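Please read them with the model open.

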Amino acid sequence: MAADKTATLNLNGSDIDLPVLSPTCGPDVLDIRKLYAQGDVFTYDPGFTSTAACESAITFIDGDKGELLHRGYPIDQLAGKSHYLEVCYLLLYGELPTADQLEEFETTVTRHTMLHEQMQYFFRGFRRDAHPMAVMVGVVGAMAAFYHDSTDITDPWQREVASFRLIAKMPTIAAWAYKYSIGQPFVYPRNDLDYASNFLHMCFAVPAEEYKVDPILARAMDRIFTLHADHEQNASTSTVRLASSSGANPFACIAAGIACLWGPAHGGANQAALETLKEIGSVDRIPEYIERAKDKNDPFRLMGFGHRVYKNFDPRATVMKQSADEVLDLLGIEDNPILQVAKELEKQATADQYFIDRKLFPNVDFYSGIILEAMGFPTSMFTPIFALARTVGWISQWKEQISDPALKIGRPRQLYTGAAKRDYVDIENR
Ligand code: ACO
């Protein structure tokens, strides 16, 4: 991208001109790539709060307005009118598909859902009580050992095949991780079911009897996938990009993304949020927990609250809250105490000065756990479902990065505060 403005940095009496880049949306970006060469100085930005690490045309977030756009389309429109595989196409290729393109894409994804049969033995090597995220990190990384013909990242066709394989097989991997943990037989994917229904079927069907997927639950599942599909340069996506910058194969890169997503400050928050709501247990205990969240001497945080980028509201949380009402209504779960605690907690926390000052609002994870639990998923499956849905975002960003002529290995600098150079001291003199 060419700069149309410059900013001048005065450093030790000398002026350094820095190009200013203007993105389609969002604030201007200072191009500091030549800063070290020109000024012998680094910038310091732990947590990347002010640093753009790449150029991207996939997703845009306006944290102040609470806006999330995929290829320009607002998330609430996509969640309301589109469906997950169409959003996958949009993220991967940049435009909404025609009817023919969508049919072809769905057929291709559907035909890649089975896992190499030998992978079953790989699953069986895990302890029964392994967390499904541990299984997913291992199995997705191991795909490089099973699918050698799609690991050459310099070949665009192999990149395409790897993308299909990951999007198509992730539901099977997540469902099998679950089945293994509860001691039930693996259920094979079915080509006659849509993406979300197939996943629910692989999770909840057993060979002994017929299992019919409720279309309303499938729609809610699909919406959860859609709401998690991509989120620009979040921690796990940046991890995928950093791993990929070294030329690592796609399966290794996505496994790295899954590992990062697992943390409670990121994708692990949906499990942690539901556990917090259950711990609170009843509406009358909310003030006590709000006080704990505000107490700097108490490590407790209200999980599902706060976001690095959204400082007004998380648009995904709004859709998720509606979905929670719909799903519980469908399942005939009236007056769900956890949903009541969630709604009252949102009300009290967002009216509290501590949360107002720090712009802390419920994020996407606050309500998703309630829906997933109502569907029958244990909390340990919440983050694997997030990983499944986010795979398309990781893959889209990975493909974009590899096609970028400006690609360089990611190699941050540091502000060194250790010992200065000193001489080794022999052990008898220490
Ligand atoms: N509960 C209580 N206080 C909070 C919370 C919370 N959930 N989140 C932030 N704060 C406070 C911090 O203590 C800090 O207060 P201070 O300024 O007085 O020191 C201030 O708000 C800013 O917090 P930071 O941690 O500096 O904000 P950051 O942008 O680094 O972190 C994060 C964002 C990680 C999401 C944080 O809000 C958090 O830990 N939330 C809970 C976990 C969670 O829900 N994560 C999911 C994020 S969405 C996703 O990954 C899909």
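1. The shell around the ligand divides into eleven nonpolar, five polar and five charged residues. Here Ala, Val, Leu, Ile, Met, Phe, Trp, Tyr, Cys and Pro count as nonpolar, Asp, Glu, Lys and Arg as charged, and the others, Gly among them, as polar.

2. This is a predicted model: local features need pLDDT of at least 70 and side-chain atom pairs pLDDT 80 or more, while totals for chains, interfaces and linings use all residues. Residues are numbered from 1 along each chain as its sequence is written, and side-chain values use heavy atoms, with hydrogens and water left out.

3. The ligand is surrounded by 21 residues (a heavy atom within 4 Å of the ligand). The closest are Arg-301, Leu-302, Gly-304, Arg-308 and Asn-363.

4. Polar contacts are pairs of N or O atoms within 3.5 Å. A polar side-chain atom of His-266 is 3.0 Å from a ligand oxygen atom, and one of Lys-296 is also 3.0 Å from an oxygen atom of the ligand. Phe-305 places a backbone N or O atom 2.9 Å from a ligand nitrogen atom. Taken alone the ligand exposes 920 Å², of which the protein buries 74% (Shrake-Rupley method, 1.4 Å probe).

Note on methods
A polar contact is a pair of N or O atoms within 3.5 Å; within protein, one must be able to donate a hydrogen and the other to accept it, and residues adjacent in sequence count only if both atoms are side-chain atoms.
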